[in-house]
Amino acid sequence: MLSTIGTKSNSNITSSSLSHNYQQSPAEVIGNLDDLLTEILLRLPIKSLLKFKSVSKHWLSLISNPVFCHRLSLTRKPITGLFVHRFALQVSNPEYDFINLDSNPPSPPFRTLTFVNTSYGIQILQSCNGLLLCSSGHSNYYVYNPTTKQYRILPQPRIGRGVSRSIFGVNLAFDPSKSSDYKVIYVGACDSFLGGLLHMEIYSSETSDWRYGGTLTAPSGINFNTGVFWNGAINWVSSSETSLYFDIDQEKLQEMPMPPVPDGWDSGIYQYFGESGGHLLLIDLCGASPFVVHEMRTDYSGWFVKHRVDLGGVAAAFPEMIRTYLDPEDSHYYGYSLLGVESEENDDDSYLLLHLPNKVVHYDFKDKTFNKLVDVAPDGNQAADASSLQYRWFGAFQYYQCLACV
């Protein structure tokens with residue numbers, strides 16, 4: 001136990017429990033006081049923590065401790081960047097561009113994923129709070145942490161009697177502020193799919209296995225491929241007026257309303273569905289501009305208008321996005337795609353990422369300002385215009401640095 005703190009000019013600190021011939025430096029004392037050291041480490045960026053793991057076995061043990069990782073997750077971290085897959089390129093052996101959104105740009109974590117050897121290549125299916133759900137081939141799934149380079153190979157889902165291998169969607173649910181465990185939700189078609197019956201399986205990292213999750217009947221137009229984890233649930237978008245969400249803790253399916261289908265439209269068409277800063281957001285495609293950003297209420301009672309976005313100023317600054325051969329009222333008059341809605345530590349500072357021909361633009365919701373974020377090299381074998389938009393929202397995956405074990 002520390003008994004005396006010296007005030008000599010050499011700043012040494014003396015411990016009466018040690019030999020009188022040995023004096024500890026301030027750095028040594030701090031390094032041996034776990035509570036104080038932990039508080040210091042919690043205030044450091046993830047990049048520094050990764051380096052400090054190699055200082056000593058003791059530091060490695062502290063930083064790798066699940067309690068430390070949990071406390072670290074309670075501090076909201078801004079997004080580091082986006083992994084984006086070029087929409088027109090082949091799916092096998094996919095390559096990913098990296099769009100940096102950090103004030104201290106890190107090196108791109110990867111161009112292709114090679115943590116397992118597979119002839120199919122590894123494809124990202126979903127990102128969730130720092131972890132990536134990936135796949136290769138048919139029913140081969142992985143959970144990968146691009147920060148620590150750790151990965152887990154998931155066993156193939158159990159295919160029971162009366163269940164086919166037709167896969168509708170696989171989604172990851174991970175909330176490090178609540179638990180270090182995660183779940184993967186698999187939705188596939190039953191043999192009796194003519195009646196709309198689907199089969200669900202649930203993988204738990206705690207048990208390292210799949211188990212039967214029941215059957216469900218899905219509303220028409222629901223997309224299980226683009227599930228979003230928010231509010232403790234996997235949420236799915238639908239082109240009809242009703243969709244579904246799956247509460248992870250209760251393991252219960254519930255209906256989720258969709259925004260009203262616009263007059264003159266047979267079904268809803270959406271150009272973005274995702275989570276940002278604890279908010280579930282949906283952007284419809286009812287016209288070129290302006291468009292509306294909807295937000296879901298936490299009790300699932302309905303959507304409300306979060307933002308209205310007019311791209312007239314953006315089009316004036318970047319006229320190459322205007323498709324002059326179309327009517328200005330046409331929903332495709334402006335050539336752009338949405339990559340995501342992101343937020344800073346202060347939720348009022350949220351912004352939109354717009355992909356225009358050969359560039360990505362940062363659009364600030366609050367003050368309506370915008371600026372070019374990065375140039376995007378065109379694909380040499382593609383024609384101009386619509387095909388020059390290489391990215392889509394469903395191929396853009398958030399990257400948060402985290403130390404979660406997989």
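Two strands are said to pair here if DSSP finds at least two bridges between them; helices (H or I, at least four residues) and strands (E, at least two) are DSSP runs, numbered from the N terminus. The structure is a predicted model, in which local features need pLDDT of at least 70, side-chain atom pairs count only at pLDDT 80 or more, and totals for chains, interfaces and linings use all residues. Residues are numbered from 1 along each chain as its sequence is written, and side-chain values use heavy atoms, with hydrogens and water left out.

1. Strands S19 and S20. Strand S19 (residues 337-342) pairs with strand S20 (residues 351-356) in the antiparallel sense, over five bridges. Within this pairing, valine 341 stands opposite leucine 352 of S20. S19 is mostly covered, six of its six residues being buried. Buried means under 20% relative accessible area, exposed over 50%, and partly exposed in between (1.4 Å probe, protein chains only).

2. The four-stranded sheet. An open sheet has the strand order S11-S12-S13-S14, with antiparallel pairing. Its edge strands, S11 (222-230) and S14 (252-257), each pair on one side only. Neighbouring strands of this sheet are turned by 30° against each other on average, direction ignored; axes are lines fitted to C-alpha atoms, for helices over the stretch in contact, and angles run from 0 to 180 degrees between N-to-C directions. Strand S13 (residues 242-247) is joined to S14 by six bridges. Serine 243 stands opposite methionine 256 in S14.

3. Helix H5. The buried residues of helix H5 (residues 66-73) are Phe68, Cys69 and Leu72. They lie on the same side of H5 because they cover an arc of only 100° around the axis, the arc being that of the directions from the helix axis to the C-beta atoms. The exposed residues Pro66 and Val67 are carried by the face turned away from the buried side. Helices H2 (34-41), H3 (46-52) and H4 (57-64) are among the elements that cover the buried residues. At the start of H5, a side-chain oxygen of asparagine 65 reaches to within 2.7 Å of the backbone nitrogen of valine 67.

4. Glutamine 126. This residue lies in strand S3 (residues 123-128). Glutamine 126 counts as buried because its relative accessibility is 6%. Its side chain reaches the backbone nitrogen of leucine 172 at 2.5 Å. Leaving aside neighbours within four places in sequence, the residues in contact with glutamine 126 (heavy atoms within 4.5 Å) include Leu131, Val170, Asn171, Leu172, Gly227 and Phe397.

Note on methods: Polar contact = N/O pair within 3.5 Å; in protein donor to acceptor, adjacent residues only side chain to side chain.
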